[in-house]
Amino acid sequence: MPSLDTAQLIALAGALGWASGVRLYLVVFLTGLAGTLGWLALPPGLHLLANPVVLGASGFMLFIEFFADKIPGLDSLWDVVHSVIRIPAGAALAAGVFSADSGVMALVAALLGGTLAATSFATKATTRAAINTSPEPFSNVGASLLEDGLVPAGLWLAIAHPLWFVVLLALVLALSVWLIILCWRFLRQLLTRVARIFGGQPDPGVMPAFTLKSPFSKSDKHV
């Protein structure tokens, strides 16, 4: 099992940071499993992930998160609870790629991993909050399944084709910023609604983030 080159290590650090903001337990479990089965030569700083206890704990939490993330409302609550976990964990995992070789590189990787984790987490949280304003549950489940697939695909691409991963990661970050801006107004509506409810004021409700308008709507002026 050959060791990873510099490009692969940099891409892996970015992938671990970004994916941790979306599916932390899936990242920990897949990385540890890959090291255990010999699919990947884990850097020394990540050897702990292959520990049977860590694999068991991450696998158990992955099982719970898989179902919790697909229930509208519960998925956003799950995100809130994990807001203080995913970002520092993404920084720590990215730093672990270089921790045994260079303290400076480990620090840079930690900053990169934390930033990527924060960006992907903000994108996930705001888009899920917007999706949850829709009355049907299918878009929520679809978004969750998409995330389930993107994480292993991103980890594999970082190792197999690190340069392609870096290019795609840049595109994903640009898309993430656009989604955060687009969905932020729906998140503000939700926060305003909660504040009014707890303040004893009338519930103003919230407009769905995604709606379909019939071409035969009565508001159409053309007869």
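At what angle do the axes of helix 1 and helix 6 cross? This is a predicted model, and the tour begins by selecting residues 6-36 for helix 1 together with residues 138-160 for helix 6. Their axes come within 8 Å and cross at roughly 150°; because angles over 145 degrees count as roughly antiparallel, helix 1 is roughly antiparallel to helix 6. The crossing in which helix 1 passes helix 6 is left-handed. If you colour the contact of these two helices by residue class, its residues divide into 16 nonpolar, four polar and three charged.

Next, select Trp18, Leu146, Leu150, Val172 and Leu175, which lie nearest the centre of the largest pocket among the 25 residues that line it. The volume of this pocket is about 580 Å³. Extending the selection by element, you will find that helix 1, helix 5 (103-131), helix 6 and helix 7 (162-198) each give two or more residues to the lining. The lining residues comprise 17 nonpolar, five polar and three charged.

For the last stop, turn to aromatic rings, where the count comes to two pairs. Select phenylalanine 63 and phenylalanine 67, whose ring centres are 5.2 Å apart and whose planes stand at 70°, so that the pair is edge-to-face. Both belong to helix 2 (residues 52-68), and because they are four residues apart there, about one helical turn separates phenylalanine 63 from phenylalanine 67.

How values were computed: Residues numbered from 1 in each chain as written. Predicted model: local features only at pLDDT ≥ 70, side-chain atom pairs only at ≥ 80, totals over all residues. Heavy atoms only, no water. Axes fitted to C-alpha atoms, helices over the stretch in contact; angles between N-to-C directions. Parallel < 35°, antiparallel > 145°, perpendicular 65-115°, else oblique. Left-handed = near helix turned anticlockwise from the far one by under 90°. Nonpolar A, V, L, I, M, F, W, Y, C, P; charged D, E, K, R; others polar. 1 Å grid on protein atoms, 1.4 Å probe; cavity = no way out; pocket = protein on both sides within 12 Å on 5 of 7 lines; lining within 4 Å. Points joined across faces, edges and corners; volume = space filled by probe spheres on them. Phe/Tyr/Trp six-rings, centres within 6.5 Å; stacked < 30°, edge-to-face > 60°.
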